[in-house]
Amino acid sequence: MSASVITVENLVKRYKELIALDHFNLDIKEGEIFGLLGPNGSGKTTTMNCILSLLKYDKGVIKIFGQEMKPDSYEIKRNIGVVMQNVAVFDELTVYDNIDYFCGLYIKDKATRKQYVEEAIQFVDIEKFKDFYPKKLSGGLLRRLNIACGIAHKPKLIFLDEPTVAVDPQSRNNILEGIVKLNQAGATIVYTSHYMEEVEQICTRIMIMDKGKNITTGTAAELKKMIKNTETIHIEILNLPDSVIAKIKELTHVYKVEYTDNLLKVFYNGGKHNLIKVLDLLQKEDLSFGRVYSELPTLNDVFLEITGKELRD
Amino acid sequence: MQVFKTYFKVAKKHLGAFFIYSFIFLVLLNLFVSQKTDNPENFKTSKIKVSVFDHDHSNLSSSLISFIDENHEIVKMDEDIDTIRDKMYIRDVEYVLIIPEGFEKNIISSGNAAASELAQHNTDKSLNENPYQLESFKFPNSVSAIFIQSQINKFINIYSSYMILGYDADTANTKTLETLTLEAKANITASQSEEISVSHVYYTYICYILISSIVLCIAPIIIVFNKDEIKRRTNLSCVSPFKKNLCIAFASFFFMLIILFLFVGISFIMAGNEMTTGIGMVRIFNTFVNAVMCLSFAFLLATFVTNENLLGFITNFFGLASSFLCGIFVDRQFLGKTVLNFSKILPAHWYMNIELELTKYEKLSEFTNSTVKTLTYGFVIQLLFAVAMFAAGMVISKTKKSA
């Protein structure tokens with residue numbers, strides 16, 4: 001069993017009357033890519049800010065690498081890297097100087113720092129732009145520079161707060177691949193995002209939070225198992241009689257049927273070969289149909305079923 | 001060290017405004033220095049190049065010539081129409097006067113009215129109805145010619161007036177010259193008549209340029225380090241916010257000293273020996289205190305201004321208000337009592353109090369108790385302004401942090 005890198009117990013944070021974090025608990029193990037999912041205002045950023053001692057909290061205990069995290073825990077901070085949602089670089093410095101500055105806040109030795117900066121530049125693949133000023137960089141390159149500034153000092157724990165916002169698909173893939181590489185190199189990663197596909201793609205464990213609470217935690221597969229729905233079949237069909245809809249409802253594992261705008265949706269809570277069974281029934285009823293497709297549940301379905309609202313609201 | 005080094009890398013990108021302000025300041029300062037140090041008592045009227053041909057050889061004509069010689073430059077040349085034209089064409093001479101034979105005799109015998117008529121100059125001899133009338137050559141519409149003609153007319157009119165009063169020719173001559181040498185007495189106000197030193201002019205105007213250059217150079221750098229995201233990322237590192245802020249404060253102070261040394265260095269070039277005296281040293285110290293106040297002002301602005309245009313507006317407003325109300329751009333003698341009382345809320349008022357006090361002395365040993373008191377008040381109040389601005393900045397910064 002890996003050691004805990006972050007432990008949060010009974011964390012409470014209030015903004016006057018509003019409870020931003022309500023007895024929040026969290027345990028992140030070494031080597032994980034931990035996804036923190038939740039809609040706007042769910043408390044993701046507050047959680048990160050409390051963990052990083054950027055915010056004072058009302059109650060609770062936060063430990064990083066087994067030690068209590070305080071604003072002056074500089075030895076702990078030495079091993080933490082943060083990539084913020086908003087690009088945090090100096091417009092007056094070149095790409096190289098920006099990375100060198102932020103790396104220099106952790107690494108004093110000049111030769112080591114030079115090596116680390118070069119490696120960070122190579123890692124995010126911006127060698128060609130190292131003498132450029134940030135204003136001359138595209139959105140994707142700026143994001144990569146932002147990441148390089150956060151990870152150049154080779155931290156053991158990296159917080160990535162929506163690092164792919166406003167990034168083109170190609171750059172997004174590069175960034176995601178980079179995150180996986182960092183993890184493979186030994187870093188534990190805490191990843192927050194609105195994009196559940198990304199979280200599903202790279203995170204080893206995911207927490208869904210809402211209203212300052214941990215709703216549920218597990219792997220993507222474990223979370224999906226928590227909900228009733230296992231498959232949804234969509235069929236485009238004209239003039240479906242009510243009698244046929246009633247027959248579909250009687251099929252095994254079907255728990256709900258919807259028919260609106262000539263689109264039939266059949267919801268299953270288990271079973272195998274469900275698509276063949278429903279198509280057989282339609283053929284027997286001599287009904288012709290158009291496009292047919294099956295969808296497995298997403299994290300959004302998980303979130304929708306657990307909280308009653310969309311993840312991206 | 002990393003923060004300190006980066007501070008100056010960022011500073012490099014904000015030096016444009018400093019160089020522009022300094023260049024304009026130095027050009028204007030040169031103009032101000034030459035204008036202010038010009039002594040009004042050294043005023044001299046311009047002299048016109050005149051040639052005179054005397055055919056009368058009388059007392060009057062020789063007096064007239066000596067009068068012209070005293071006030072203008074007499075150029076000698078041959079009395080030949082081609083020579084006269086050539087010399088006038090190449091501006092070797094601006095006015096030529098020919099005194100005809102019998103000129104004095106006619107003046108004496110004809111009286112005042114005739115004198116006026118005889119004094120009328122004519123450039124075309126054929127038009128001279130009176131052969132005893134003065135003849136002259138001049139440029140058309142020449143101001144110099146009108147000026148010298150009016151002087152000659154004045155001389156002849158006074159001379160004839162004395163003759164009418166019954167004076168003999170010699171006495172009339174002497175009296176005329178005496179009358180013409182009488183000058184109106186102009187009183188020059190005390191401060192204008194005092195000798196104004198280059199160092200005084202320089203250290204008066206430096207107050208404005210220090211506000212502009214220090215605030216516009218340093219505040220934008222602090223603003224960059226205060227940007228939320230940069231601040232957050234820096235605060236997440238293993239450098240404590242206190243250490244980081246201390247580095248920024250030290251770098252800002254160092255940068256202020258560089259700017260100060262630069263301007264003080266220029267003052268040594270411009271004012272030379274004046275700066276090596278005790279008074280010069282007090283001037284430098286006063287400027288240093290003022291620079292510390294400007295640095296505090298820059299810090300205060302950087303805590304709540306995030307936009308460079310707004311920063312420029314506030315700095316210019318403060319700088320110009322200080323300059324106009326405290327006696328930098330306008331002499332205090334022209335400012336009303338209300339304005340001067342109001343200007344006491346500005347640090348530049350106390351800077352100028354010291355600067356003006358220093359103009360009264362040449363040596364430190366001449367200082368009176370009241371002077372020492374004025375200087376001490378000035379230094380202390382400027383430093384209090386600096387402390388107040390710094391404290392206000394700290395309060396704003398803390399309020400923003402807790403919000």
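Throughout these legends, two residues are in contact if their C-beta atoms, placed from the backbone, lie within 7 Å. Helices (H or I, at least four residues) and strands (E, at least two) are DSSP runs, numbered from the N terminus. The model is predicted: local features need pLDDT of at least 70 and side-chain atom pairs count only at pLDDT 80 or more, while totals for chains, interfaces and linings use all residues. Residues are numbered from 1 along each chain as its sequence is written, and chains are lettered from A and ligands numbered from 1 in the order in which they are written.

**View 1. Helix 12 and helix 15 of chain B in contact.** From helix 12 of chain B, the residues I279(B), V282(B), R283(B), N286(B), N290(B) and M293(B) meet P347(B), Y351(B), I354(B), E355(B) and L358(B) of helix 15 of chain B. Seven residues of this contact are nonpolar, two polar and two charged (Ala, Val, Leu, Ile, Met, Phe, Trp, Tyr, Cys and Pro count as nonpolar, Asp, Glu, Lys and Arg as charged, and the others, Gly among them, as polar). Helix 12 (residues 278-304) and helix 15 (residues 347-358) of chain B pack at an angle of about 180°, their axes being 10 Å apart. Axes are lines fitted to C-alpha atoms, for helices over the stretch in contact, and angles run from 0 to 180 degrees between N-to-C directions. The two helices of chain B are therefore roughly antiparallel (angles under 35 degrees count as roughly parallel, over 145 as roughly antiparallel, 65 to 115 as roughly perpendicular and the rest as oblique).

**View 2. Helix 6 and helix 7 of chain B.** Helix 6 (residues 143-164) and helix 7 (residues 169-181) of chain B have axes 9 Å apart and pack at an angle of about 135°, which makes helix 6 of chain B oblique to helix 7 of chain B. On the side of helix 6 of chain B, the contact involves F155(B), I158(B), Y159(B), Y162(B) and M163(B); helix 7 of chain B brings A172(B), N173(B), K175(B), T176(B), T179(B) and L180(B). By class, there are seven nonpolar, three polar and one charged residues in this contact.

**View 3. An open four-stranded sheet in chain B.** The strand order is 2-1-3-4, with mixed pairing (two strands pair if DSSP finds at least two bridges between them). Strand 2 (73-74) and strand 4 (135-138) of chain B stand at the edges with a single partner strand each, so one side of each has no neighbour in the sheet. Helix 3 (residues 59-71) of chain B packs on the sheet and touches strand 1, strand 2 and strand 3 of chain B; its direction makes about 170° with that of strand 1 of chain B. Five bridges join strand 1 (residues 49-54) and strand 3 (residues 95-99) of chain B in the parallel sense, and D54(B) stands opposite I99(B).

**View 4. A hairpin in chain A.** Strand 12 (residues 254-260) and strand 13 (residues 263-268) of chain A run antiparallel and are joined by six bridges. E258(A) stands opposite K265(A) in strand 13 of chain A. Two residues lie between the strands, and D261(A) in the turn has a positive phi of about 50°.

**View 5. The side of chain B that touches chain A.** In the contact between the chains, 17 residues of chain B meet 20 residues of chain A. Helix 1 (2-12) and helix 10 (228-235) of chain B each supply at least two residues of this side of chain B. Its largest share, six residues, comes from helix 10 of chain B.
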